[in-house]
Amino acid sequence: MGLLADKVVVVTGATSGIGAELSRRLYHEGATAQREGYAMPSQIALLLPAKGALAIPASAVREGFFTAYFADRSDSPRPSLRSYDSGGTPAQSLAAYRQAVDDGAKLVIGPLGRDGVAAMFAQGSLPVLLM
């Protein structure tokens, strides 16, 4: 048995990189590694209006996301990123959220407008995390 036989070690950030390698090494030394960490969602949806008063700020947010997405040169798997038109009404925001969830989104960012955000919170529990 290894130096750490019968020991339990909590490793944060163990889903990739140094944390994942540390977990493997601890295991080989006999420890039980309790892996904790953030796992990137496989699909992210942006709910942003294409028209109306918030279209210009929404465009800046959208461009920022896509710029950061394509600038990432890491070897980590990247989630797919898709933009949905959240429209100009709370009902359109809810419809865009539901479509994103139906399409497989694991994280939804938006909507941008106050009324759309209020409509989301009025739903109570949502099936996919909303930021």
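## Close-up views of a predicted model

**View 1. Helix α3 lies across the sheet strands β3, β4, β5 and β6.** This model is predicted. Helix α3 covers residues 90-102. Strand β3 covers residues 43-48, and the helix runs at about 165° to this strand. In the protein chain as a whole, there are 4 helices and 6 strands. Read from the N terminus, the elements follow the order β-α-β-β-α-β-α-β-α-β.

**View 2. Four strands form an open sheet.** The strand order is β4-β3-β5-β6. The pairing is parallel. Two strands sit at the edges: β4, residues 80-85, and β6, residues 129-130. Each edge strand pairs on one side only.

**View 3. Strands β5 and β6 pair in the parallel sense.** Strand β5 is made of residues 107-109. Its pairing with β6 rests on 2 bridges. Look for V108 here: its bridge partner in β6 is L130.

**View 4. D103 and R82 form a salt bridge.** Side chains of opposite charge can pair when their charged atoms come close. In this pair, the closest N and O atoms are 2.9 Å apart. A search of the whole structure finds 1 salt bridge. The pair links distant parts of the chain, with the two residues 21 residues apart. D103 is in the loop between α3 and β5, while R82 is in strand β4. Are these two residues buried, exposed or partly exposed? D103 has 29% relative accessibility, so it counts as partly exposed. R82 has 42% relative accessibility, so R82 also counts as partly exposed. Both values fall between the cut-offs of 20% and 50%.

**View 5. S93 is a buried residue of helix α3.** Its relative accessibility is 4%. Buried means under 20%, so S93 counts as buried. Which residues does S93 touch, leaving aside its neighbours within four places in sequence? The contacts are L47, S86, P111, G116 and M120. One of these, S86, is the subject of the next view.

**View 6. S86 is buried in the loop between β4 and α3.** Its relative accessibility is 2%, so S86 counts as buried. Again, neighbours within four places in sequence are left aside. S86 is then in contact with L47, L48, P49, Q92, S93, A96 and P111. L47 and P111 are also among the contacts of S93. Across the protein chain, 31% of the 131 residues count as buried.

**View 7. The second largest pocket is lined by 17 residues.** The pocket has a volume of about 190 Å³. Which residues lie nearest its centre? They are L54, G87, G88, T89 and G113. Two elements give two or more residues to the lining: α3 and α4. Helix α4 covers residues 114-122. The largest share of the lining, 3 residues, comes from α4.

Conventions: Residues are numbered from 1 along each chain as its sequence is written. This is a predicted model: local features need pLDDT of at least 70, side-chain atom pairs count only at pLDDT 80 or more; totals for chains, interfaces and linings use all residues. Side-chain values use heavy atoms; hydrogens and water are left out. Two strands pair if DSSP finds at least two bridges between them. Contact means heavy atoms within 4.5 Å. Axes are lines fitted to C-alpha atoms, for helices over the stretch in contact, and angles run from 0 to 180 degrees between N-to-C directions. A salt bridge is a side-chain nitrogen of Lys or Arg within 4 Å of a carboxyl oxygen of Asp or Glu. Buried means under 20% relative accessible area, exposed over 50%, partly exposed in between (1.4 Å probe, protein chains only). On a 1 Å grid over the protein atoms alone, a cavity is a set of points where a 1.4 Å probe fits but cannot get out, and a pocket is an open set with protein on both sides within 12 Å along at least five of seven lines; lining residues have an atom within 4 Å of a point. Grid points are joined across faces, edges and corners, and a volume is the space filled by probe spheres set on the points.
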